[in-house]
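I opened my notebook to get to know a new protein. Here is what I looked up, entry by entry.

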Amino acid sequence: MHAPGKIIEPDMLMLAYRSGIFPMADSRDDPEVFWVEPRLRAILPLDGFRCSRSLARTLRRGRFRVTCNAAFAAVMAACAAPRRDTAETWISAKIAASYRALHAEGRAHSIECWMADPQGGSDLLVGGLYGVGFDRVFCGESMFSRVPDASKVALAWLVAALRRCGAELLDCQFMTDHLASLGATEIPQARYLTLLRHAQRPPPRHTYSAAGDSTGAGDAAAGLALPDGFAALLAAAKAAGSSSSPGNFIAQSFTQTS
């Protein structure tokens, strides 16, 4: 199945995700995409994130400044950049443009990790991830890391924010050793589709107290409210006295639920 045109239209992309499939390309310059439905699907249970002692230490130290939706296009470009093991990528120009359009509609999100520039310039983007959010589902697409632990920290913040906004399903698509070390598990596609159908219930649009707790609900959100969950996470950390290092609050939350 091909997707004609310069981009995959946002509604077509969302229909694919709601049906359990996603697009890839053969190369950076490939004008076509193909649709993937893995026989085995990797997911990361939100109550099963594995925060190692070393990762907890990194979070507590606040080595990175972490943001949400601050540099979506830059995160995508970094994910598509050549890696040590290959110069090629499945994130083609068409796919990148398609997800930027989806992000503009508030249906694709990124988490960014920044470090201070030793030369005194603007903070440097050193890690992050992006994906698609809808209802109680987040489908992670890709992540990158330019310094040790940056992608792990981004994923830890993602999981913590998803917990805050009522998500139920974190799709990782394909299993890797990296994801397995963080608690991801592999399930048959049929089981994934069952979980996907169950999670397609719009989460209520919440307002949050200073502690990050839900204080009420309004109309159903159009998509997964990851930015709201991220903001609630920061508010909860501040209320707990961890505003100087929200990562400390996150590490503690994983310790309490592990």
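What share of the contacts with a separation of 6 or more comes from residues 24 or more positions apart? I found 72%. I am working with a predicted model here.

**Overall look.** I see nine helices and eleven strands. Of the 258 residues, 50% are buried. The protein exposes about 12,000 Å², and carbon and sulfur atoms supply 53% of that.

**Salt bridges.** Side chains of opposite charge can pair when their charged atoms come close. I looked these pairs up and found seven salt bridges in the structure.

I began with arginine 107 and aspartate 11, whose closest N and O atoms are 3.3 Å apart. Arginine 107 sits in the loop between α4 and β5 and aspartate 11 in helix α1, so this pair ties together parts 96 residues apart in sequence. Arginine 107 is buried at 19% relative accessible area, because buried means under 20%. Aspartate 11 is exposed at 60%. I also noted a salt-bridge network that links Asp11, Glu105 and Arg107.

Next I checked arginine 41 and aspartate 171, which form a salt bridge at 2.9 Å, N to O. The pair connects strand β3 with strand β8, so parts 130 residues apart in sequence are tied together. Arginine 41 is buried, at 0% relative accessibility, and aspartate 171 is buried with 0% as well.

Arginine 53 belongs to helix α2, residues 53–61, and is exposed with a relative accessible area of 73%.

Technical notes: Residues are numbered from 1 along each chain as its sequence is written. This is a predicted model: local features need pLDDT of at least 70, side-chain atom pairs count only at pLDDT 80 or more; totals for chains, interfaces and linings use all residues. Side-chain values use heavy atoms; hydrogens and water are left out. Helices (H or I, at least four residues) and strands (E, at least two) are DSSP runs, numbered from the N terminus. Buried means under 20% relative accessible area, exposed over 50%, partly exposed in between (1.4 Å probe, protein chains only). Contact means heavy atoms within 4.5 Å. Accessible areas come from the Shrake-Rupley method with a 1.4 Å probe; for residues, only the protein chains shown count as cover. A salt bridge is a side-chain nitrogen of Lys or Arg within 4 Å of a carboxyl oxygen of Asp or Glu.
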